[in-house]
Amino acid sequence: MRMTALFWEAFLIAAASLRANKLRTALTLLGIIVGVAAVIAVVTIIKGLDRTVANTFSSQGSTVFSVSKRPMVILSREDLVRFNKRKDITEDDAEAIARLCSSCWRIGIAVNNPNTLVKYNDQKSENVLVRGVTLPMLAIDDVNLAAGRAWTETEETAAHRVCVVGADILTNLFGGAPPEQAIGREIRIAGQPFEIIGVAEKLGSIFGFSRDNFIYIPYEAYKRAFGARTSLIIFVQARSADELENVEDEVRTIMRNRRGKTFLDEDDGFALETQDVFLDLYKRATSNIYLVTIGVASVSLIVGGIVVMNIMLVSVTERTREIGIRKAVGARRRDILTQFLIEAVVLTAIGGVIGVGLGFGCAYGLAFALGFPTLISVWSAILGVSVSSVVGIISGSWPAWRAAELDPVEALRAE
Amino acid sequence: MLTAQVQEEIVPYGELLAQEAVPAALISMRDIWRTYQMGEEQVHALRGVSFDVQKGEYVAIIGPSGSGKSTLMNIIGCLDTPTRGRYWINGKLVSEMDDDELARIRNKEVGFVFQTFNLLPRATALHNVELPLIYAGVPAAERRERAKRALMAVDLADRMMHKPNELSGGQRQRVAIARALVNHPSILLADEPTGALDTATSREIMNLFERLHEEGNTIIIVTHEPDIAARAHRIISIRDGRIEKDERVK
């Protein structure tokens, strides 16, 4: 009862002094607001990205891995030189896997040609990812068609010049006409004529990059039109995520045999990777962002705490007489101590709430501008307000102690 | 135990008697000294003050400035503790109490009225009067009710929600008196209560004190004004830290 009354009393005083000194309050709380807002903004954005990334990479899913000459992520020039010295991945490798791997479900070959110019009459689409793939790749990539059909095995082996296009191609070349109208049209891919037989469903964008700016063409047709690529990428799909590891082991063994390597060799001579590589890279990047943010936030919270301590000391001095009055009517040391602590906590908690609001606001603004989703985390809001309250307790304790220790006679004499 | 014995050896015989019996008076002071250390020098604000105040008395403490009357008032009100001597309120030896116990005595036994009112400027009259009850741990509803009654008792029923700067000097002092009385203290202790008021308002406040006295309150007024002191029933004159005169006038 007594504590509730004291809390309410302290809360009213804090609110009144905040109202009385709006500018001073705002400046006092700046450090805490910035610190909390930074954490909230970054957490909100990264949580949003996490979800996007998870959704995106699950389209191929955790049942697929690739075998390639170079890994998808290369971090140094030395590595690049080393990887370039490896033998190319060839059709023979793919055939060997297909023949020897009993646990493999689907095996596809892909060659990628990014940044290709595609034209239809005077309409053009730039930076298109053109992929020469064998038929299983459409299933492995889980390509769903909005219109038309995939090519047949006959068309594949006969190297028919047909293609399945992404939604961006439709927008760029046919002004967003319905997918059905694109079927049968002849477009030019890097100058070579291809007939559209299928249009894929729209996938949307991630981090502002479209995932619909692609064209699939039959692997044989790709070779015929653009020449044999030096090294291929083989994609292998397991029947389930549980089997993935076994399938990987089997393919790795087959490939090591073909490269004359054993598990004792330091380098397999090829890269066997799932999309976890991207997830790992992403996680490493975001954890660095978290670290930097925590650093920035800590500095602003420390500075903010010192400012709050300073302002609380000023407040104690300004209100010496008030403290004297309270002591004269029966406030004990701990009552005064509690009052000023609560006041400091209310002050910094308000800063925390403003910081949380500002942080969410910034995250939304940025997310809206860059076109990716955000995810509000209630925990980050609770954490933001709690941390700022703890700052209040820490920075309020010395001023509160000084207030509590004031001699009532002296305090009543103060002006 | 040993220290107690040593103390007893140096206490004069007369005081030893006083020490043993807990006085029946409301206020009882025995050889109160208050000494301040000013650098190298010791300044004695009080030099052995002894007196009793019975329940229901109306006492004025007078003396020129620097006589020690403010120090005496602070000690009576338990804002300060004597350097030496013994002081009882209601049979409780307050001169030996620690800070928290003194805060409790100030809360329950003493109601202060100050020259400069000492109200919280940002709080309403009602909230100012509630303040002692907050520290007494009185539940909110009862607190509010008692504070309202105390304000009505000083004829401020229509000013409860006003802040001090919206009230006249006399009204402010009446709020302060309501605050002093709200927790039913044993002593109403007023320090120059009319010092900041004009003559007419002073008279009004002094009439209020008279009424409160008739209602059974024990009142101690510290003042340097003879006409204020003349309203009391007993005048204690202080000079140079000692009681110069202690006379019953009514």
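Residues are numbered from 1 along each chain as its sequence is written, while chains are lettered from A and ligands numbered from 1 in the order in which they are written. Because the model is predicted, local features need pLDDT of at least 70 and side-chain atom pairs count only at pLDDT 80 or more, whereas totals for chains, interfaces and linings use all residues.

Between the two chains, 19 residues of chain A are in contact with 22 residues of chain B, two residues being in contact if their C-beta atoms, placed from the backbone, lie within 7 Å. On the side of chain A that touches chain B, the elements giving two or more residues are α1 (2-20), α12 (320-328), α13 (333-370) and α15 (408-413) of chain A; helices here are DSSP runs of H or I with at least four residues, strands are runs of E with at least two, and both are numbered from the N terminus. The largest share of this side, 5 residues, is contributed by α1(A). By class, this side of chain A has 11 nonpolar, 1 polar and 7 charged residues, where Ala, Val, Leu, Ile, Met, Phe, Trp, Tyr, Cys and Pro count as nonpolar, Asp, Glu, Lys and Arg as charged, and the others, Gly among them, as polar.

Chain A is divided into domain 1 (2-55 + 280-413) and domain 2 (64-274), with bounds that come from an automatic or database domain assignment. The centres of these two domains of chain A, taken over C-alpha atoms, are separated by 53 Å. Strand β11 (residues 233-237) of chain A has 5 of its 5 residues buried, so this strand is largely enclosed by the rest of the structure; a residue is buried if 20 or more other C-beta atoms lie within 10 Å of its own, exposed if 12 or fewer, and partly exposed in between, with C-beta atoms placed from the backbone. Both faces of β11(A) are covered, with A:I233, A:F235 and A:Q237 buried on one side and A:I234 and A:V236 buried on the other. Strand β1 (residues 64-68) of chain A pairs with β11(A) in the antiparallel sense over 4 bridges, and strand β2 (residues 106-120) of chain A pairs with β11(A) in the antiparallel sense over 5 bridges, pairing being assigned if DSSP finds at least two bridges between two strands. A:V236 in β11(A) stands opposite A:F65 and also opposite A:I107.

In chain B, 4 strands form an open sheet with antiparallel pairing, in the order β2-β1-β4-β5. Strands β2 (41-53) and β5 (92-93) of chain B stand at the edges, each with a single partner strand, so one side of each is left without a neighbour in the sheet. Strand β1 (residues 27-38) of chain B and β2(B) pair in the antiparallel sense over 10 bridges, and the bridge partner of B:Q37 in β2(B) is B:Q42.

Helix α5 (residues 125-136) of chain B is mostly covered, with 11 of its 12 residues buried, and B:G137, just after this helix, takes a positive phi of about 80°. Within α5 of chain B lies B:L131, which is buried, with 25 other C-beta atoms within 10 Å. Not counting residues up to four places away in sequence, B:L131 touches A:V329 and B:R179. The C-alpha atoms of B:L131 and B:D198, 67 residues apart along the chain, are separated by 27 Å.
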